[in-house]
Amino acid sequence: MTWSDLTVIAPFAAVVVVAALVILADIVKPGNRHLALGVVLAGLAIVGLLTLWTGQAPGTAFGGMYKVDNLTTFLDVIFVAIVALSCLFAPDYLEPRGLPIAEFAAILVFALGGAMLVAASADLLVLFLGLELMVIPGYMLAGYHKRDALSTEGAVKYFLLGSFSSAIFLFGLAYVWGLTGSTRIADVAARVGEIVAGQATLSPGLAMGLAFLTTGVAFKMAAVPFHYWTPDAYQGSPTPVTGYLSVGPKVGAFAVVLRVFAEALLPLRQEWLIVIFVLAALTMTLGNLVALTQDNVKRMLAYSSIAHTGYMLVGLAAYAAGVIGGLEGLLFYGVAYTFMNLGAFAVIAALQKRPGVSSRLETFAGLGRREPVLGILMVLFLLSLTGIPPTAGFFAKAYVILAAVQAGGWLTVLAVIAVLNAAAAAFYYLRVIVYMYMRDPTGEPAPVAHGALLRLGLGITAVMTVILGLFPGLLLPSVSSAAQAIGVAIR
Amino acid sequence: MSQSLDAYLVVSGILFAIGTFGFLARRNAISMLMSIELMLNAVNLTIVSFGAFIPALNGTASVIALMVMAVAAAEATVGLAIVMAIYRNRRTPLVDEYDAMRQ
């Protein structure tokens, strides 16, 4: 290990140090939430700055296994924002239920380390290690309320399906490694390129390995028909955890997709384009159709998050068809989705500050009058999830759908499916708004006071949702430089 | 000892299939966990046999296999803890009785 290695991995190393410091702080002053949250937030600020600083000078470390390029920096900043916002939203929910905050924050920061490792991997083995480091803390967080039957039930389902898919992914990885002779993403891409160019044949073993990799990744990002764990895991988990799970591991799974499909398997894009096409169409349609029938807002948002996976896959399909705008749309979608979805879950978490409040639709009856600010924010996030201008969600959908239209051919069909789905989705998002403003609550519970951190976090997510909707151009330079890092202009 | 890589790959493929079947067919959370371990062991057998038969992969094979074992151990630890937690709440290890979220 050399000095330059250390500067390249500085953000990742800092994350591990922050996680250890949070645990230490909790040992020195047990149960002191101000200290724990202070350490986490200050630490994450430093990690964010380090990420931006390392991002100035892209480079590799450890003999080319770890790579920092513009895409790494872009994704790392999203991950840091996700974890910081989740830490802001958590205390209001965890404290009344007697759940410790320091451990929550420490587990979350370890998961951040995994996500950053995925984003920076130039080697399939590092990618797998990062993926596991990202999802194993997720299992723990899902079961964080360990005396609650729903939380543990969500956790056990998330864990079993998660490890099952990891095993499948790993089996595929073993074959790809054995038959291409390397785990380096660049070497795998070169070997696959030779096969496509006709200098070598695609052996059945390698084809099988690629199929297993695809299946494993589809599980992780909850694409239909590999989505069964999602609704139970999301509904059962404590609400701030659900918020995190719906964006953190989701964007992390897309980081895996970008590194595996858009980088290692780019030469085979004509082949996987078909798979992604089918996955995207199924995921959007089924996610939205089932969401229509849900009475529980958390479960509804779980299906809606499945549908959003589908929209993001549209961007990936457009990229496979040769439009780099699809990749840019996918990255923009990731950012917009992060803020609007975290915001929506934060509103639910705020409502559930009083233990025993369910996340059923009735909870939202009369919210617009009871708590006007929360009501307005929820409307904003739901309109953004629907994709109505001028919110971030509109441009996110517009970019991926435009890219699909530009790609032409069969992808026009995918664009039409996406537009129809966006229209159908409006129904279930607007239903929550109808409940908030047009239904009278059965009992009139006294409003609860919300913590300063939660209000700060809601403010940040709301402002970002509006800013990205009014001035999407602000994000475009970084989005396109991140896309350029892996996307060669195919056409 | 067989001299062909294919024979080892077939054995590991069969192990993997048994693990997959066990995961899908068993209803006991602990059995499902064991099935996942079997799948991971199949992966390790694949990796080690690639390493034994292809000289260029010899060195990396053991490293990858060791790493897979470490990851499997971490996963099993968390998994057993989660199964313990749900057993305390529900008094059953059978996953089809974990249906509190289906109305």
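In the predicted model, T152(A) is in contact with K146(A), I82(B), A85(B), I86(B) and N89(B), once neighbours within four places in sequence are left aside. T152(A) belongs to helix α7 of chain A. With a relative accessible area of 1%, T152(A) is buried, because the limit for this class is under 20%. The side chain of T152(A) also reaches the backbone oxygen of D148(A), at 3.1 Å.

The contact between the chains takes 40 residues from chain A and 41 residues from chain B. The size of an interface is often given as the accessible area lost when the parts come together. Between chain A and chain B this buried area is about 3,500 Å², and carbon and sulfur atoms give 81% of it. Across the interface, 5 residue pairs in polar contact were found, with both residues at pLDDT 80 or more. Helices α6 (124–142), α7 (149–180) and α10 (229–236) of chain A each supply at least two residues of the side that touches chain B. The largest share of this side, 23 residues, comes from α7(A). By class, the side of chain A that touches chain B has 23 nonpolar, 9 polar and 8 charged residues.

Just after α7(A), G181(A) takes a positive phi of about 80°.

On the side of chain B, G51(B) is found in helix α2 (residues 29–53). G51(B) counts as buried because its relative accessibility is 2%. Not counting residues up to four places away in sequence, G51(B) touches W177(A) of the partner chain, as well as L57(B), N58(B) and A61(B). The C-alpha atoms of G51(B) and F16(B), 35 residues apart in sequence, are 18 Å apart in space.

The count of salt bridges between chain A and chain B is 1. This salt bridge joins the side chains of R90(B) and E153(A), with an N to O distance of 3.1 Å. Over all chains, the structure holds 15 salt bridges. One of them is formed by D232(A) and R299(A), at 3.0 Å from N to O. Since D232(A) lies in helix α10 and R299(A) in helix α13 (residues 297–320) of chain A, the pair ties together parts that are 67 residues apart in sequence. Both partners are buried: D232(A) has a relative accessibility of 2%, and R299(A) has a relative accessible area of 8%. Salt bridges that share partners join E153(A), K157(A), D232(A), R299(A) and R90(B) into one network.

Two further salt bridges link distant parts of chain A. In one, R184(A) pairs with D123(A), the closest N and O atoms being 2.7 Å apart. R184(A) lies in the loop between α7 and α8 (185–197), and D123(A) in the loop between α5 (101–119) and α6, the two residues being 61 residues apart. R184(A) is partly exposed, with a relative accessible area of 26%, whereas D123(A) is buried at 1% relative accessibility. In the other, the side chains of K353(A) and D92(A) meet at 4.0 Å, N to O. This pair links the loop between α14 and α15 (367–370), which holds K353(A), to helix α4 (residues 70–94), which holds D92(A), across 261 residues. D92(A) is buried, with a relative accessible area of 9%.

D92(A) is also among the residues in contact with L454(A), together with L88(A), F89(A), A346(A) and A350(A), when neighbours within four places in sequence are left aside. L454(A) is located in helix α19 (residues 452–470) of chain A and counts as buried at 1% relative accessibility. Although L454(A) and Y93(A) are 361 residues apart along the chain, their C-alpha atoms are separated by 9.7 Å.

Finally, Y333(A) lies in helix α14 (residues 324–351) of chain A and is buried, with a relative accessible area of 0%. Beyond its neighbours within four places in sequence, Y333(A) is in contact with H308(A), Y311(A), M312(A), A396(A), K397(A) and V400(A). Y333(A) and T309(A), 24 residues apart in sequence, are 9.8 Å apart in space, C-alpha to C-alpha.

Methods. Residues numbered from 1 in each chain as written. Chains lettered and ligands numbered in written order. Predicted model: local features only at pLDDT ≥ 70, side-chain atom pairs only at ≥ 80, totals over all residues. Heavy atoms only, no water. Helix = DSSP H or I, 4+ residues; strand = E, 2+ residues; numbered from the N terminus. Buried < 20%, exposed > 50% of the residue type's maximum accessible area, 1.4 Å probe, protein only. Contact = heavy atoms within 4.5 Å. Buried area = accessible area lost by both parts, 1.4 Å probe. Polar contact = N/O pair within 3.5 Å; in protein donor to acceptor, adjacent residues only side chain to side chain. Nonpolar A, V, L, I, M, F, W, Y, C, P; charged D, E, K, R; others polar.
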